[in-house]
Amino acid sequence: MFELIDVTKVYRGGKRAVDGITMRLGPGVVGLLGPNGAGKSSLMRVAATVTRPTSGRVLFDGADAVARPDVLRRHLGYLPQDFGVYPHLTAREFLSYLAAVKGLPARPARRRVDELLELVNLTEAVKRPLGGYSGGMLRRVGIAQTLLADPRVLIVDEPTAGLDPEERVRFRNLLGDLAIDRTVLLSTHIVSDVESVAGDIAIVAHGRVLRRGTPDDLLSEVAGQVWEAVVDPAVLPGMRARHAVSRMVRTTDGVRLRLLSTARPTIDAVAVPPDLEDVYLAVVGGVREAVR
């Protein structure tokens with residue numbers, strides 16, 4: 001069991017990045033979904049024992065990971081949003097170096113590095129220096145390093161940044177496989193990354209968890225409130241002022257909108273099943289309006 005209990009992080013100047021978050025996590029993928037600046041990365045750094053919370057507790061199997069971070073670090077794989085490498089090393093050399101730092105025996109480490117390079121689809125580029133890798137390739141190296149010690153807890157912050165669609169699908173499938181017997185905490189602002197792998201989703205904004213539940217639980221909150229309608233471009237500004245619009249496509253007939261409304265927004269509007277993007281817009285958009 002991995003627990004964050006009433007965690008708060010306040011930076012110099014009084015900025016409260018994390019505001020009293022409590023989460024209890026077991027095996028499976030927990031997705032943190034929120035806009036940039038919501039406090040997700042700050043929470044991830046606290047969870048990974050990279051930084052100490054201003055207040056609150058982080059527990060791993062009941063042990064205090066703030067006072068004794070090594071208790072968690074021995075079982076942790078962490079991929080930060082900004083991941084640095086040594087540009088003159090090859091991927092194999094870099095991963096072998098990190099394996100040595102983690103204290104892995106040399107022979108098993110070599111086998112593990114080769115397995116991971118194949119897993120993240122980098123076997124054809126192992127002899128090239130990392131300085132010549134694309135952003136997506138470097139991200140895959142970062143993913144590989146989180147798995148070196150076969151961790152029980154994975155913390156990954158915006159892991160698909162820079163990956164092409166095929167690589168994103170590959171990584172999401174990998175996360176799903178890993179989460180069978182591990183705790184995976186995934187932070188992202190990309191809705192599709194969360195809805196494809198996470199059975200437990202927390203929507204975060206302004207340093208707080210606004211909603212948490214299964215996808216079905218969250219979808220039920222906006223059932224009957226999602227509509228599609230085709231409108232004249234001339235009325236578009238008014239529609240956007242009155243309703244939260246999630247999609248907008250110009251067609252020969254006008255502008256096709258997908259929007260949220262508690263009542264039918266136009267005479268010919270059609271109710272449609274909600275998706276997680278609708279939930280996200282309803283929750284985060286509502287908080288933004290309250291803040292204004």
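Predicted model: local features only at pLDDT ≥ 70, side-chain atom pairs only at ≥ 80, totals over all residues.
Trainee: Why are helix 3 and helix 4 called oblique to each other?

Mentor: Their axes cross at roughly 130° and come within 10 Å. That angle lies between 115 and 145, so helix 3 and helix 4 are oblique. The crossing is right-handed. On the helix 3 side the contact is made by Ala91, Arg92, Leu95, Ser96 and Ala99, and on the helix 4 side by Ala109, Val113, Asp114 and Leu117.

Trainee: What makes helix 3 and helix 5 roughly parallel?

Mentor: They pack at an angle of about 30°, with axes 10 Å apart. The cut-off for roughly parallel is under 35 degrees, therefore the term applies to helix 3 and helix 5. This crossing, too, is right-handed. Ala91, Phe94, Leu95 and Leu98 of helix 3 meet Val141, Ala144 and Gln145 of helix 5.

Trainee: Helix 5 also holds Arg139. How do you know that Arg139 has no salt bridge?

Mentor: A salt bridge needs a side-chain nitrogen of Lys or Arg within 4 Å of a carboxyl oxygen of Asp or Glu. For Arg139, the nearest side chain of opposite charge is Asp157, at 6.4 Å.

Trainee: Which residues does Arg139 contact, apart from its neighbours within four places in sequence?

Mentor: Leu79, Pro80, Gln81, Phe83, Asp157, Glu158, Pro159, Ala161 and Leu163.

Trainee: Why is Gln81 called partly exposed?

Mentor: Its relative accessibility is 39%. Buried means under 20% and exposed over 50%, so Gln81 falls in between. Gln81 sits in the loop between strand 6 and helix 3. Leaving out residues up to four places away in sequence, Gln81 touches Ser41, Arg139, Asp157 and Glu158.

Trainee: How far is Gln81 from Arg45, in sequence and in space?

Mentor: They are 36 residues apart in sequence, and their C-alpha atoms are 10.0 Å apart.

Trainee: What share of the contacts in the protein joins residues at least 24 apart?

Mentor: The figure is 67%, among contacts between residues at least 6 apart in sequence. The protein has 292 residues, 48% of them buried, and its secondary structure comes to 10 helices and 14 strands.

Key
Residues numbered from 1 in each chain as written. Heavy atoms only, no water. Helix = DSSP H or I, 4+ residues; strand = E, 2+ residues; numbered from the N terminus. Buried < 20%, exposed > 50% of the residue type's maximum accessible area, 1.4 Å probe, protein only. Lys, Arg positive; Asp, Glu negative; His and termini not counted. Contact = heavy atoms within 4.5 Å. Axes fitted to C-alpha atoms, helices over the stretch in contact; angles between N-to-C directions. Parallel < 35°, antiparallel > 145°, perpendicular 65-115°, else oblique. Left-handed = near helix turned anticlockwise from the far one by under 90°.
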